[in-house]
Amino acid sequence: MQSLINQLPPGAVKTVRVTGFDEADVLVQLVDAEGEKAEVGRIPRHEASMRRMEHPSELFEVGQEINAEEIGRWREGQLHLSARACEIPALRSFLLAFERGQVVYGMVSEVHNFGVFVHVDGEPDGLCTGFIRVPDLTWGWINHPSEAVEAGQRITAEVIIADTRSGQVTLSLKALQEDPLIRFADQVGRVLTGPITKIIPFGVFVQLASDVVGFLHLSELTDEPVETPDQLVEKGELITVKVTEVDLQRHRVRLGAAGGAGRTTRSAHHPGSN
């Protein structure tokens, strides 16, 4: 449910008055233009602030009026809101200016194994608003984001979504790059040779061209009963395979044995050979 909520577009901003706390949630009442009390709502703890806190009472007090963004209605139709989406007005305005597919510029701030943080041009001082998930870095196969970008690098990226509640704009470098499978699609039926890039329990991945990797199932490697592919092949070893399918929608290439089931051709030279 939370992952679906996180994909919602920004909602309307309401002025609310804090009325109390329900464990770690903030209870509020909407305030109309005349200042009269109206509908009751709730700000879940994780929507209270972007700042670290033990309890929302550290930030809010009963009777305080704040702005909060509508999220939706749950718990028998009760209105849920986000205070953190309105916590920094300059940040909210910056994020609301983005549209999906918009091209933006920025500088890589930090590179981690889970993704890349980016200083987007024009963002409020002292903040880092851009984030690129690992799958959105490149079409190619990488073991770590540092293989695609480095800190301090200037980049051009496409906006996936700007989220006022997380205070981030999710970006994609890959969206501005041509899908290498488009040009590779006519290779179906061809027999190709390439190195094994990764071995998993039920098959191997083979490098077929620049930024193109295909998958060969264990059953295509041999007719003999084996538990894992590493009993037959090694990472880096050259192997000859047949391209059986190029799926542009799922962005995957399926491979088969070059000479029929269980008859994939291996190179005479592989790591450890003389």
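I started at the hairpin of β14 and β15, where 4 residues lie between the strands and H251 takes a positive phi near 50°. A reminder to myself: this is a predicted model.

Strand β14 (residues 238-247) runs antiparallel to β15, and 6 bridges join them. I picked out K242 and found that its bridge partner in β15 is G256.

Then I turned to the pairing of β15 with β13. Strand β13 covers residues 212-217 and β15 covers residues 252-257; they pair in the parallel sense over 2 bridges. Here I noted F215, which stands opposite R254 in β15.

My next stop was helix α2. Which residues of α2 (residues 89-96) are buried? I found L91, R92, F94 and L95. Looking down the axis of α2, I saw that these buried residues fall within an arc of 160°, so they line one face of the helix.

What do the buried residues of α2 pack against? I listed the strands β1 (13-22), β4 (65-74), β7 (115-120), β9 (154-163) and β10 (168-172).

Last, I jotted down the totals for the chain. I have 3 helices and 16 strands on my list. Of the 274 residues, 41% count as buried. The accessible surface comes to about 15000 Å², and carbon and sulfur atoms hold 49% of it.

Technical notes
Residues are numbered from 1 along each chain as its sequence is written. This is a predicted model: local features need pLDDT of at least 70, side-chain atom pairs count only at pLDDT 80 or more; totals for chains, interfaces and linings use all residues. Side-chain values use heavy atoms; hydrogens and water are left out. Buried means under 20% relative accessible area, exposed over 50%, partly exposed in between (1.4 Å probe, protein chains only). Accessible areas come from the Shrake-Rupley method with a 1.4 Å probe; for residues, only the protein chains shown count as cover. Two strands pair if DSSP finds at least two bridges between them. The arc is that of the directions from the helix axis to the C-beta atoms. Contact means heavy atoms within 4.5 Å.
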